[in-house]
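Subject: Structure for you to look at

Hello,

Here is the structure I promised to pass on. Please open it and keep it in view while you read my notes.

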Amino acid sequence: MENQPVQEFHVTYFDADCGRSRAEIFDTLAEAQRFANRHCSGEDSWAVIDAVTVEHIKIAA
């Protein structure tokens with residue numbers, strides 16, 4: 001059994017359709033940036049990308 005630190009990218013953004021902030025998780029920074037850019041089209045729109053290091057545990061079979 002081995003722990004592997006992995007970096008994820010959490011995007012928190014304002015969803016104008018429902019008037020709430022939401023969050024999505026991506027494996028790569030490029031995916032997170034594309035998603036954030038799509039949600040920053042209006043004057044009141046915003047998105048924040050956070051790089052988060054997590055430990056994924058591999059379980060021996």
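What pattern does the protein chain follow, read along the sequence? The pattern is β-β-α-β. That comes to one helix and three strands. Please keep in mind that this is a predicted model.

**The core**

Start with the largest nonpolar core. Seven residues make it up: F9, V11, Y13, F26, A32, F35 and A36. Two elements, β1 (2-15) and α1 (29-38), each give two or more residues to this core. In soluble globular proteins, nonpolar side chains tend to be buried together.

Now find A32. Leaving aside residues up to four places away in sequence, A32 touches F9, V11, F26 and I49.

**The salt bridge**

Next, look at the charged side chains. The count of salt bridges is one. It joins the side chains of R22 and D15, at 3.2 Å from N to O. Are these two partners buried or exposed? D15 has a relative accessible area of 16%, under the 20% cut-off, so D15 counts as buried. R22 is at 40%, which lies between 20% and 50%, so R22 counts as partly exposed.

**The whole chain**

The protein chain has 61 residues, and buried ones make up 15% of them. The chain exposes about 4,800 Å². Carbon and sulfur atoms supply 47% of that area. Last, take the contacts between residues at least 6 apart in sequence. Of these, 56% join residues at least 24 apart.

Best wishes

Methods
Residues are numbered from 1 along each chain as its sequence is written. This is a predicted model: local features need pLDDT of at least 70, side-chain atom pairs count only at pLDDT 80 or more; totals for chains, interfaces and linings use all residues. Side-chain values use heavy atoms; hydrogens and water are left out. A nonpolar core is a set of buried Ala, Val, Leu, Ile, Met, Phe, Trp, Tyr and Cys residues joined through side-chain atoms within 4.5 Å. Buried means under 20% relative accessible area, exposed over 50%, partly exposed in between (1.4 Å probe, protein chains only). Helices (H or I, at least four residues) and strands (E, at least two) are DSSP runs, numbered from the N terminus. Contact means heavy atoms within 4.5 Å. A salt bridge is a side-chain nitrogen of Lys or Arg within 4 Å of a carboxyl oxygen of Asp or Glu. Accessible areas come from the Shrake-Rupley method with a 1.4 Å probe; for residues, only the protein chains shown count as cover.
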